[in-house]
Amino acid sequence: MSTRTIRPMVINARTIRCTHRAVIKPVRPDGSGCAECLAVGDEWAHLRMCLTCGAVRCCDASPNQHASKHARSTSHPIIRSMEPGEDWIWCYVDEVYIEPA
Ligand SMILES: [Zn+2]
Ligand SMILES: [Zn+2]
Ligand SMILES: [Zn+2]
């Protein structure tokens, strides 16, 4: 068994000031791994999915940090975890966790 991932603290949505919820679309993941890592044969630690376009990219603990690069290059600020059992959402601009709707 893998070790349990510690769930990050989720801040109540009423107490945060994320104004980017409008970018969240009903997207489907664009793959089962980080497309950019797969393209160059690299590995990743954890997967995140962009909630604006469905791009699955690797987390900041991964060598390539494609999720945050995607957020910066596309101005798609909201991602969610793709890890089993994790449903938190993160805004890169406000740097807050958002309670799933
Ligand atoms: Zn935000
Ligand atoms: Zn990657
Ligand atoms: Zn995106």
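Buried residues make up 28% of the 101 residues in the protein chain; a residue is buried if 20 or more other C-beta atoms lie within 10 Å of its own, exposed if 12 or fewer, and partly exposed in between, with C-beta atoms placed from the backbone. The structure is a predicted model, in which local features need pLDDT of at least 70, side-chain atom pairs count only at pLDDT 80 or more, and totals for chains, interfaces and linings use all residues. Residues are numbered from 1 along each chain as its sequence is written, while chains are lettered from A and ligands numbered from 1 in the order in which they are written.

**Overall organisation**

- The protein chain contains two helices and five strands; helices (H or I, at least four residues) and strands (E, at least two) are DSSP runs, numbered from the N terminus.
- Along the sequence, these elements follow the pattern α-β-β-α-β-β-β.
- Among the contacts in the protein chain with a separation of 6 or more, 52% are between residues 24 or more positions apart; two residues are in contact if their C-beta atoms, placed from the backbone, lie within 7 Å.

**The sheet**

- Five strands form an open sheet in the order S2-S1-S3-S4-S5, with antiparallel pairing; two strands pair if DSSP finds at least two bridges between them.
- Strands S2 and S5 stand at the edges with a single partner strand each, so one side of each has no neighbour in the sheet.
- On average, neighbouring strands of this sheet are turned by 35 degrees against each other, direction ignored; axes are lines fitted to C-alpha atoms, for helices over the stretch in contact, and angles run from 0 to 180 degrees between N-to-C directions.
- S1 and S2 run antiparallel and are joined by three bridges, and the bridge partner of Leu-47 in S2 is Cys-58.
- The hairpin of S1 and S2 has five residues between the strands, and Gly-54 in this hairpin takes a positive phi near 80 degrees.
- Three bridges also join S1 to S3, again in the antiparallel sense; in S3, Cys-50 has Ile-79 as its bridge partner, and Met-49 has Arg-80.
- S3 and S4 are an antiparallel pair with three bridges, and Arg-80 stands opposite Ile-89 in S4.
- S4 and S5 run antiparallel and are joined by three bridges; the bridge partner of Cys-91 in S5 is Val-96.

**Buried residues and the nonpolar core**

- In soluble globular proteins, nonpolar side chains tend to be buried together.
- The largest nonpolar core has 19 residues, of which Leu-47, Met-49, Leu-51, Cys-58, Ile-79 and Ile-89 touch the most other members; a nonpolar core is a set of buried Ala, Val, Leu, Ile, Met, Phe, Trp, Tyr and Cys residues joined through C-beta atoms within 7 Å.
- At least two residues of this core come from each of strand S1 (47-50), strand S2 (56-58), H2, S3, S4 and S5.
- S1 is covered on both faces, with Leu-47 and Met-49 buried on one side and Arg-48 and Cys-50 buried on the other.
- Beyond its neighbours within four places in sequence, Cys-58 is in contact with residues including Cys-34, Cys-37, Trp-44, Leu-47 and Ala-67.

**Helix H2**

- Helix H2 lies across S1, S2 and S3 and runs at about 120 degrees to S2.
- His-66, Ala-67, His-70 and Ala-71 are the buried residues in H2.
- Seen down the axis of H2, these buried residues fall within an arc of 145 degrees, so they line one face of the helix; the arc is that of the directions from the helix axis to the C-beta atoms.
- On the other side of H2, Arg-72 and Ser-73 are exposed.
- The cover over the buried residues of H2 includes helix H1 (35-40), S1, S2 and S3.

**Two loop residues with positive phi**

- Ser-75 lies in the loop between helix H2 (66-74) and strand S3 (78-81), and its phi is near 60 degrees, a positive value in a residue other than glycine.
- Ser-75 counts as exposed because it has 12 C-beta neighbours inside 10 Å.
- Glu-95 is found in the loop between strand S4 (89-91) and strand S5 (96-98); its phi is near 55 degrees, a positive value in a residue other than glycine.
- Glu-95 counts as exposed because it has 9 C-beta neighbours inside 10 Å.
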